[in-house]
Amino acid sequence: MKIPFVDLVAQYQTIKSEVDPAMRRIVDQTAFIGGEDLKEFEKEFAAFCGAKHCVGVGNGTDAIYLALRALGIGRGDEVITVSHTFIATAEAVSQTGARPVFVDIKEDTMLMDPDKVEVAITPRTKAIITVHLYGQPCEMDRIVEIAHRRGLKVIEDAAQAHGGRWKGRRVGSLGDIACFSFYPGKNLGAYGDGGAVVGNDEALMNKVRMLANHGRLEKYTHEMEGVNSRLDGLQAAILRVKLKRLDDWNAARRRHAAQYCRLLADSNVVLPTINPNTEPVWHLFVVRVPNREQLQARLKEKGIATGVHYPLPLHLQPAYQYLNIPKGALPVSEKVAQQIVSLPMYAELTDEMVECVCASLREAMQRPV
Ligand SMILES: Cc1ncc(COP(=O)(O)O)c(C=O)c1O
């Protein structure tokens with residue numbers, strides 16, 4: 001059985017009858033930039049997150065950059081985040097002129113360790129970016145408590161967690177401002193690049209809207225210099241069709257995750273730890289194994305695709321050598337990076353496919369090295 005890592009073709013088949021006319025409508029209206037679908041999508045996505053405002057932007061990286069800029073963060077400032085994330089989280093910080101400061105993660109959840117945050121705060125620290133990696137919400141109560149006690153802002157990087165919940169509340173409404181990516185493979189994915197900033201503070205969100213559109217709210221008045229980073233009409237129309245199905249798709253991902261956990265329960269695979277305060281949305285299903293590369297090769301022979309998110313923590317990437325963070329500085333991030341492997345995860349997976357992945361993984365682990 002061939003099992004891809006994600007299957008956007010299978011998803012498209014389930015929504016074709018609705019998404020094709022939606023795209024046609026935008027082309028007929030030539031509503032390519034701005035327009036009603038964008039306005040409606042922004043309202044619908046804000047409501048979905050339990051937040052008051054949403055601004056559609058060009059991609060998830062820009063969403064973080066724009067949130068930071070709107071908060072007034074720039075040269076000379078420091079922003080605390082994790083090293084165990086996609087590079088976009090840290091790139092957005094550097095793009096503002098600020099410096100990313102990496103803290104370690106907890107070994108069980110592989111998310112920001114709140115115990116490591118406070119010691120990383122300096123007089124230059126302005127914000128904390130928590131990353132709800134793999135669709136698992138971070139420990140928001142503790143992170144927000146530390147941040148607000150120390151006068152810092154909390155930015156949620158929710159690029160992998162659309163619809164996830166912390167203590168019943170959706171991500172996107174848990175910090176001061178939140179950022180989403182609609183990269184095609186995300187839980188809510190566009191047919192190209194897309195992103196959104198979500199929040200409750202109207203003045204702050206107006207600033208995001210201005211910054212994303214050349215510093216203006218009105219056509220010929222530029223209050224400041226901004227950038228060009230807009231979610232386009234076609235993407236908004238597609239995302240509206242998909243948003244209606246997101247809860248069902250996330251529920252399907254949860255069923256697959258539960259099945260993976262059942263079928264791999266008494267194996268040598270280290271399964272994800274679920275914080276009981278959270279309802280994860282399983283953007284990725286990441287387990288820890290010994291001899292990862294060999295297992296991946298054996299699964300590949302059987303037609304099963306896997307991934308690694310992410311094999312080298314950011315502080316050890318060539319791009320961040322200028323920060324002079326030595327190997328060994330973030331031991332948990334460094335350790336898990338060598339062991340993690342992401343198994344196929346998407347709503348359209350079948351029970352048989354999950355069974356096949358688990359059986360193949362068990363068999364691959366039993367074969368001698
Ligand atoms: C955790 C995280 N942050 C930020 C991003 C950036 O999003 P984009 O690719 O839309 O710029 C991504 C996804 O690519 C991501 O996974």
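Analyst: A helix axis is here a line fitted to C-alpha atoms over the stretch in contact, and angles run from 0 to 180 degrees between N-to-C directions. The model to which this applies is predicted.

User: At what angle do helix H9 and helix H11 pack, and how far apart are their axes?

Analyst: Helix H9 (residues 292–301) packs against helix H11 (residues 351–366) at about 130°, and the two axes are 9 Å apart.

User: Which residues make the contact, and what makes up the contact of H9 with H11 by class?

Analyst: H9 contributes Leu-295, Arg-298 and Leu-299, while H11 contributes Ser-360, Leu-361, Ala-364 and Met-365. By class, five of these residues are nonpolar, one is polar and one is charged.

User: Why is H3 described as oblique to H4?

Analyst: H3 and H4 pack at about 40°, with axes 8 Å apart. Roughly parallel requires an angle under 35 degrees and roughly perpendicular requires 65 to 115, so an angle between those ranges is oblique. H3 is thus oblique to H4, and H3 passes H4 in a right-handed crossing.

User: Which residues of H3 and H4 meet?

Analyst: Gly-60, Thr-61, Ile-64, Tyr-65 and Leu-68 of H3 meet Ala-88, Thr-89, Glu-91, Ala-92, Val-93 and Gln-95 of H4. This contact comprises six nonpolar residues, four polar and one charged.

User: What surrounds the ligand, and which helices supply the shell?

Analyst: The ligand is surrounded by 15 residues, the closest being Gly-60, Thr-61, Ala-88, Ala-159 and Ser-181. Helix H3 (60–70) and helix H4 (88–95) each supply at least two residues of this shell. By class, the shell has five nonpolar, eight polar and two charged residues.

User: How do you know where domain 1 and domain 2 lie, and how far apart are their C-alpha centres?

Analyst: The domain assignment gives 8–240 for domain 1 and 246–366 for domain 2, and their C-alpha centres lie 24 Å apart.

Key. Residues are numbered from 1 along each chain as its sequence is written. This is a predicted model: local features need pLDDT of at least 70, side-chain atom pairs count only at pLDDT 80 or more; totals for chains, interfaces and linings use all residues. A residue is near a molecule or strand if its C-beta atom, placed from the backbone, lies within 6 Å of it. Helices (H or I, at least four residues) and strands (E, at least two) are DSSP runs, numbered from the N terminus. Ala, Val, Leu, Ile, Met, Phe, Trp, Tyr, Cys and Pro count as nonpolar, Asp, Glu, Lys and Arg as charged, and the others, Gly among them, as polar. Two residues are in contact if their C-beta atoms, placed from the backbone, lie within 7 Å. Domain bounds come from an automatic or database domain assignment. Angles under 35 degrees count as roughly parallel, over 145 as roughly antiparallel, 65 to 115 as roughly perpendicular and the rest as oblique. A crossing is left-handed if the near helix is turned anticlockwise from the far one by less than a right angle, and right-handed if clockwise.
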